[in-house]
Amino acid sequence: MAESVEMLMQELDEVHDAFQQEIRGVKDLALLDDVRVKYLGRKGRVARYFSKMGQIEASQRPQFGNRLNELKQELTDAVASHQQSLHSNNNSGPRDFDLTLPGITPTLGFRNPLMIVMDEIKQIFANMGFTVETGPLVEDEYYNFEALNVPPDHPSKDLQDTFYLPNGLLLRTHTSPVQVRTMECQDLPIRIIAPGRCFRKDTPDATHSPEFHQVEGLVIGEGISLSHLKGTLVAFARKLFGRQTQVRFRPSFFPFTEPSAEMDIYFDERLGWLEILGSGMVDPNVLDGVGIDSEKYTGFAFGMGVERLAMLKYRIDDIRHFYDNDMRFLSQF
Ligand code: PHE
């Protein structure tokens, strides 16, 4: 016996109203899903009417079917939008966790003190008008030694001291090759620093590391003299270690500078005078080698070990701390 379509239509309205009533009170996603299953599930209150289609008089089926589909769509949409609003409320409304608990602080990394000092050095020279140059870590004999006036039998070329690669190239033992590369391709005057990594066959201990960092400096122009060298380096030392820092120059030797000097700073009563860099007037042979007229132009150069400066500045007692990546060390700077 066919049920009256009017009655069924009225029942659909009731289902609709009951659903609206119920969903209004739903405050969490689990309850919402219960409501969804109750109305829209395979055996839910809406599905029940689809199975009644067969009992409806053929002429009235389309009308009822349309209404039923509409209802299903309406409830489906309502569930979806309720779900949305529950999600966004969760981010601003009442929470189910204790706001007074301490948060989880993400662990930030730390800058290696070596890089802090490196940046400080760069900044000091940038303020004096120097620009930054870089060069390759893998060099050849020409740039690392020959062009720097290092004689073929010089001890620093020894297999004991230099990392030679199987192809005849080598790992640069200092940043001085960047001097040569810069003079080859920059117009005069030149005023650059060249920070970077260097390598020497040293056995690691508290003061030696086979990999270390230097900052090179080079100034070439007309009328550049030893007093420019001294003025620049004294200003640098006082900027890095403090205005009162006492500085002295000691005669020294480097194949690529003449005359050459090492600069010391007076550290404290216990440590006394400490060498912090090598320097000198660029040897005329080096200038001539790159095609710069050594009668017309002069210049000075210097090179410093960044590890050593950082160890002095922060009173670090072992060079290996820089490379261990131990947070107990790194977090102190
Ligand atoms: N290259 C030298 C070294 O590694 C330092 C230096 C650079 C000295 C420039 C004089 C001029 O010891």
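How many bridges pair E6 with strand E7 (residues 257-266), and is the sense parallel or antiparallel?

1. Ground rules. This is a predicted model, where local features need pLDDT of at least 70, side-chain atom pairs count only at pLDDT 80 or more, and totals for chains, interfaces and linings use all residues. Residues are numbered from 1 along each chain as its sequence is written, and side-chain values use heavy atoms, with hydrogens and water left out.

2. The ligand site. There are 14 residues around the ligand, and His174, Ser176, Arg200, Gln214 and Glu216 come nearest (a residue is near a molecule or strand if one of its heavy atoms lies within 4 Å of it). By class, the shell has four nonpolar, eight polar and two charged residues. Here Ala, Val, Leu, Ile, Met, Phe, Trp, Tyr, Cys and Pro count as nonpolar, Asp, Glu, Lys and Arg as charged, and the others, Gly among them, as polar. For polar pairs, look at His174, where a polar side-chain atom lies 3.0 Å from a nitrogen atom of the ligand. Arg200 has a side-chain N or O atom 3.0 Å from an oxygen atom of the ligand, and Gln214 has a side-chain N or O atom 3.0 Å from a ligand oxygen atom. On its own the ligand exposes 330 Å², and the protein buries 89% of that (accessible areas come from the Shrake-Rupley method with a 1.4 Å probe). The elements giving two or more residues to the shell are strand E5 (211-221), strand E8 (273-282) and strand E9 (298-305), and E9 gives the most, with three residues. Helices (H or I, at least four residues) and strands (E, at least two) are DSSP runs, numbered from the N terminus.

3. The sheet. Seven strands form an open sheet in the order E1-E4-E5-E9-E8-E7-E6, with mixed pairing. Strand E1 (131-132) and strand E6 (247-254) stand at the edges with a single partner strand each, so one side of each has no neighbour in the sheet. Two strands pair if DSSP finds at least two bridges between them. Now the opening question: E6 and E7 pair in the antiparallel sense over seven bridges. Ser252, for one, has Ser260 in E7 as its bridge partner.

4. E5 and E9 run antiparallel and are joined by eight bridges; Glu216 stands opposite Gly303 in E9. E8 and E9 also run antiparallel, with five bridges between them, and Gly280 has Ala301 of E9 as its bridge partner.

5. Backbone spots to check by eye. Most residues other than glycine have a negative phi, and most peptide bonds are trans. Leu188 and Pro189 are joined by a cis peptide bond, with omega about -5°; Pro189 sits in the loop between helix H7 (177-185) and strand E4 (190-199). The bond from Glu258 to Pro259 is cis as well, with omega near -5°, and Pro259 is found in strand E7. Asn149, a residue other than glycine, has a positive phi, near 70°, and lies in the loop between helix H6 (141-144) and strand E3 (170-171).

Note on methods:
A polar contact is a pair of N or O atoms within 3.5 Å; within protein, one must be able to donate a hydrogen and the other to accept it, and residues adjacent in sequence count only if both atoms are side-chain atoms.
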